[in-house]
Amino acid sequence: MRAIVISRPGGPDVLSWEEVPDPRPGPGEVLVEVAASAVNRADLLQRKGFYDPPPGSSPYPGLECSGVVAEVGPGVEGYAPGDEVCALLSGGGYAERVVVPWQQLMPVPEGVSLTDAAALPEVACTVWSNVFMTARLRRGETLLVHGGASGIGTLAIQLAKAYGSRVVVTAGSAEKLARCRELGADDGVNYRTDDFAKAFGADVILDIIGGKYLKDNVRALNTGGRIVVIGLQGGTKGELDLGALLAKRGTIHATTLRSRPVDEKGVIVRGVVDNVWPLISAGAVRPVVDITVPLADAARAHEALEEGAHFGKILLVR
Ligand SMILES: NC(=O)c1ccc[n+]([C@@H]2O[C@H](COP(=O)([O-])OP(=O)(O)OC[C@H]3O[C@@H](n4cnc5c(N)ncnc54)[C@H](OP(=O)(O)O)[C@@H]3O)[C@@H](O)[C@H]2O)c1
């Protein structure tokens, strides 16, 4: 098969479309013929040499895909060749074929094309596990989504609205804030010019910035609020005033999806299929796809993500 290979750590030009050995499914694994994959910020870090795949994972980038089951390994039940699926991966989505533990497979939600289904696994699993399983966002509470225009943000807005919460966002331009409102966000501020902690109080904060926002996230927290840090775009270190956190009886979580064991991913994936897929089939939540780029041209997709003009997901298609 062919896959996108990272020849050495560096810029988008280190990505090349090359002939590589075909993967074979082992016990409990499924071989998927990839229809589409999608770009995640973690892929940029992996390309730069800062985020190695977990042990045993594919060396090729790609944390999600959609496609058709080509072969099932011993002990796999519930999937058969020809099934249309999408999958949460720990790597290897930027390829013609990928092997996946069956627990990380999902059916393509009703009403979504096979290609667009590649935009869903990473964002749906990340938002479901962090906002709902970890932070336990409740109906009527306020969720602050940093980076409302990101792949993660566009799904978080829709899902939290569908569950009856108030959603406020940060974004880097008036145009992106307007698009977040079109998706259902109740309010938003431009993080380049405004103080979000002055503008909003939040019960749950989905944070992708980390160190740089630690103090202001605690400022923005309502009593009993929960911060979930899932990204470190603003650095790994910040000063935490425990007095301020204590006064609000607040909680800070920090999580990552990729390194979790298969069984834990399986629990998240089942939660997504049971709780998110029905909302997608009902039309209340949809994948937000910005541009679609040929898989062999993944370098161009990385450039687009780095430029930051996108809204939602950048897809890679065969
Ligand atoms: N821990 C996990 O398991 C996990 C899983 C998936 C993703 N993530 C993280 O989630 C984040 C989003 O991922 P993605 O692939 O959806 O990325 P993406 O589409 O490239 O989005 C990046 C976002 O960062 C926003 N941003 C940049 N500086 C900001 C600031 N100072 N304040 C608020 N927002 C700011 C951008 O806003 P504008 O475009 O409006 O400028 C953009 O929306 C990444 O940090 C990624 O690493 C974590």
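1. Basis. The model is predicted; local features need pLDDT of at least 70, side-chain atom pairs count only at pLDDT 80 or more, and totals for chains, interfaces and linings use all residues. Residues are numbered from 1 along each chain as its sequence is written, and side-chain values use heavy atoms, with hydrogens and water left out.

2. Helix α1. Helices (H or I, at least four residues) and strands (E, at least two) are DSSP runs, numbered from the N terminus. Helix α1 spans residues 41–48, and its buried residues are Ala42, Asp43, Leu44, Gln46 and Arg47. Buried means under 20% relative accessible area, exposed over 50%, and partly exposed in between (1.4 Å probe, protein chains only). The cover over these buried residues, with contact taken as heavy atoms within 4.5 Å, includes β1 (2–6), β2 (15–19), β3 (29–38) and α10 (298–307). After α1 comes Gly49, which has a positive phi, near 90 degrees.

3. Arg47 and Glu306. A salt bridge is a side-chain nitrogen of Lys or Arg within 4 Å of a carboxyl oxygen of Asp or Glu. The count by this rule is 18 salt bridges. One of them joins Arg47 to Glu306, at 2.7 Å from N to O. Arg47 belongs to helix α1 and Glu306 to helix α10, so the bridge ties together parts 259 residues apart in sequence. Arg47 is buried at 2% relative accessibility, whereas Glu306 is partly exposed at 32%.

4. Arg318 and Glu96. In this salt bridge the closest N and O atoms are 3.7 Å apart. The pair links distant parts of the chain: Arg318 is in the segment after β15 (313–317), Glu96 is in the loop between β5 (84–88) and β6 (97–101), and 222 residues separate them. Arg318 is partly exposed, with a relative accessible area of 44%; Glu96 is buried, at 8%. Both residues belong to a network of salt bridges with shared partners, which joins Arg2, Asp22, Glu33, Glu96, Arg97 and Arg318.

5. Arg138 and Glu141. The side chains of these two residues also form a salt bridge, with an N to O distance of 3.0 Å. Glu141 is buried, its relative accessible area being 10%.

6. Phe132 and Tyr163. Rings of Phe, Tyr and Trp (its six-membered ring) pair if their centres lie within 6.5 Å; planes under 30 degrees apart count as stacked, over 60 as edge-to-face and the rest as tilted. Four aromatic pairs are counted by this rule. Phe132 and Tyr163 make a tilted pair, 5.0 Å centre to centre with 50 degrees between the planes. Phe132 is in helix α2 (residues 121–134) and Tyr163 in the loop between α3 (151–162) and β9 (166–171), 31 residues apart. Phe132 counts as buried at 10% relative accessibility, and Tyr163 is partly exposed at 26%.

7. Phe196 and Tyr213. The ring centres of Phe196 and Tyr213 lie 4.9 Å apart and the planes meet at 55 degrees, so this pair is tilted. Phe196 is in helix α5 (residues 196–199), and Tyr213 is in the loop between β11 (202–207) and α6 (214–220), 17 residues apart. Phe196 is buried at 4% relative accessibility, and Tyr213 is buried at 9%.

8. Other ring contacts. Trp128, Phe132 and Tyr163 form one aromatic cluster. Elsewhere, the charged end of Arg258 sits over the ring of Tyr51, 4.7 Å from its centre; the rule asks for NZ of Lys or CZ of Arg within 6 Å of the ring centre and within 35 degrees of the ring normal.
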